[in-house]
Amino acid sequence: MLFTRKAAAVWLSLAFERVLTAQTPLSSHTPSSFYPGIESDLGQWNLDEGPAVNATGHLVFETANSLLQHWANTRHRIGHTIVPGTIPVGTLLYHGAITGPHLPTALDWVSVEPDHSMLFCQGPIETGCWHVTLAVTRPMKVLYFDGNSAAKILEGTLDTQDLLAWSEMKPEWVRNEERRIKDLCKWGQKHGVNGFVRMEMNFEIMICNFTSHMEVISFLNLESIRTGVERGYLPEDPNTSLIYSRTSVSHIFELMHSASWRENYPGETRIMLDFSELVSFYDTALVPSLVPRRVGLDRWDHRVAGISPEDVERVQDRLAQALARPPSITSGIDWKTVLRVVVDRYASRLEFIQHLLNLSLDDGSIFDHAQQIQRQLRTVLLPYTVFAALPPNTSVTANATNSWAAPVFRECATSHAASIAYRGTSLTPSERLLLQAVRETTHEICRVVTKMWASGMNSGVDAFYPPEQRPEVDHIHTLTGEWKEDVTQLISWLDWSVWVKCRPACGFEEMCYLPTWPFGFFPTPGAPLQPQWDSGSLWPDPNTGEWKRPQPKCIRRREPYSF
């Protein structure tokens, strides 16, 4: 066994040396900032200066990173982004017909999953219903509204659509879907848009013309889903209605199960979004009137309501310009991947560091534990730890302010965006917004991680630079307490939905679920627009925090179902 270990060690050493000798350095004296325009004044990289209170770069970042992902847009239902997109040739779409075996002559909806469209495939039990499968025959230009944008509620999910269709919010028309699709398509006709993508239980598309971009693949006479629900009607008594029968509850669950396939990255891939023409209501230059309305509010409470008429006009003009701009004008940058690379690089490591800091330890193991965390911090910063960045032994001031670590902070913060920033004028306004979002987000991540790492160096818990004497236990407890506060604040500020998960993980017969509209929102016909709930129903109480701030929970994947 000993010989085997030695042989393995020798082999790894030789292999590593061979890899190194096969690589030729570009330069032995690479400048600290290769791209012009990167701040060379290290005094500008202050580890103690956090983001502005009204900063929105991290919000632009996370909303853009979450586009067409069911989980994030269920968690934050009120959308703030409108994005042009294309549905490629060959994409299959589905429609549950209620009027017989022919295409709709009026404006209507299609779904991306048959599990969704089958809910609308209604007809008498004796004759069944008609379900059509369509294929896109030429690229279909669409607009996507993020958030739970097909939820017909008064809490703001329809705000961005209303602004586009009517230049103002119309809460009295919250359920007037026929008027909404008619006026959206009227606007879209001027710009070559044939569909509007929204998220209900799953993603759907409001189609303006069924014959211009699609052909029928099949039109099948199927057995009706026995929900007992007619279109436009929701039951008065959910506990006795047929919608809560065993068969229909099973279908509703399977609809939610099919939506879970698109929960996280890459999301719904059958709709290709053009990030270079994204319009965000978190763009403070484009929509300055919303800045004071967000002061002091959690993200859950952000609304587009209260936007000024001037800002509405600017948003509409920006969208019109985006839809008219030829694709060749854009930079060609894959922004979806740029954003995701940042999340992939930092999400799991920050989560693990937070986990380590939440463990309870005795005095005897606290030093070794702090060294483990310091190693994790060093791993995050490894590609940016320039050799010259070491704490000076003689400067008390430098150690107190951690100014010696500024080069590491700078290299980390600029690594993802420097080359893009160098492109300058070739970026569209939307791309410059996304660039700024990446910059602000990575700036804060790198500021906090560098600050934590530098504090560990100064405190003597870095194994690469061990102190002559082990630090006092009280000092280590103080250090880890500061670390815990720093990483908790950072994760809260970033608010990435990738961290929202069921803990502990669900079993094989379960799935992780966020309370999803419309379950729990069945109003009495003719009653005022307000949520209804009965303590005996299957659905969550929409008047509690579970609706306002959805939290993940495990639900059964087999009977008896519960939500």
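Modeller: Helices (H or I, at least four residues) and strands (E, at least two) are DSSP runs, numbered from the N terminus. This is a predicted model: local features need pLDDT of at least 70, side-chain atom pairs count only at pLDDT 80 or more, and totals for chains, interfaces and linings use all residues. Residues are numbered from 1 along each chain as its sequence is written, and side-chain values use heavy atoms, with hydrogens and water left out.

Biologist: Where does His-302 lie?
Modeller: His-302 is in the loop between β10 (279–280) and α8 (309–324).

Biologist: Is His-302 buried or exposed?
Modeller: His-302 is buried, because its relative accessible area is 6%. Buried means under 20% relative accessible area, exposed means over 50%, and partly exposed is in between (1.4 Å probe, protein chains only).

Biologist: What does the side chain of His-302 reach?
Modeller: The His-302 side chain reaches the backbone oxygen of Leu-297 at 3.5 Å.

Biologist: Next, helix α8. What about Leu-319 there?
Modeller: Leu-319 belongs to helix α8. Leu-319 has a relative accessible area of 0%, so it is buried. The C-alpha atoms of Leu-319 and His-191 are separated by 9.3 Å, and these residues are 128 residues apart along the chain.

Biologist: Change of topic. How many salt bridges does the structure hold?
Modeller: The structure holds 27 salt bridges. A salt bridge is a side-chain nitrogen of Lys or Arg within 4 Å of a carboxyl oxygen of Asp or Glu.

Biologist: Which side chain does Arg-75 meet in a salt bridge?
Modeller: Arg-75 meets Asp-495, at 2.6 Å from N to O. The pair links distant parts of the chain, 420 residues apart. Arg-75 is in helix α3 (residues 70–75), and Asp-495 is in the loop between α15 (473–494) and β11 (510–513).

Biologist: Are those two buried or exposed?
Modeller: Arg-75 counts as buried, at 8% relative accessibility. Asp-495 is buried too, with a relative accessible area of 17%.

Biologist: And what does Arg-325 form with Glu-277?
Modeller: Arg-325 and Glu-277 form a salt bridge, with their closest N and O atoms 2.5 Å apart. Arg-325 lies in the loop between α8 and α9 and Glu-277 in the loop between β9 (272–273) and β10, so the pair ties together parts 48 residues apart in sequence. Arg-325 is partly exposed at 23% relative accessibility, whereas Glu-277 is buried at 2%.

Biologist: Which residue does Arg-503 meet in a salt bridge?
Modeller: Arg-503 meets Glu-351, at 2.7 Å from N to O. Arg-503 is in the loop between α15 and β11, and Glu-351 is in helix α9, 152 residues apart. Arg-503 is exposed at 54% relative accessible area, but Glu-351 is buried at 18%.

Biologist: Now the surface. Which residues form a nonpolar patch?
Modeller: Leu-390, Phe-464 and Tyr-465 form that patch, with about 310 Å² of accessible area together. Patches are made of residues with over 30% relative accessible area and no salt bridge: like charges are joined within 9 Å, nonpolar side chains (Val, Leu, Ile, Met, Phe, Trp, Tyr) within 5 Å.

Biologist: Where is Leu-390?
Modeller: Leu-390 lies in the loop between α10 and α11 (396–401). Leu-390 is partly exposed, with a relative accessible area of 34%.

Biologist: Last one. Which residues gather in the patch of negative charge?
Modeller: Asp-362, Asp-363, Glu-472 and Asp-474 gather there, on the surface. Asp-363 is in the loop between α9 (335–357) and α10 (366–381). Asp-363 counts as partly exposed, at 49% relative accessibility.

Key. Accessible areas come from the Shrake-Rupley method with a 1.4 Å probe; for residues, only the protein chains shown count as cover. Lys and Arg count as positive and Asp and Glu as negative; His and the chain ends are not counted. The place of a charge is taken as NZ of Lys, CZ of Arg, CG of Asp or CD of Glu. A polar contact is a pair of N or O atoms within 3.5 Å; within protein, one must be able to donate a hydrogen and the other to accept it, and residues adjacent in sequence count only if both atoms are side-chain atoms.
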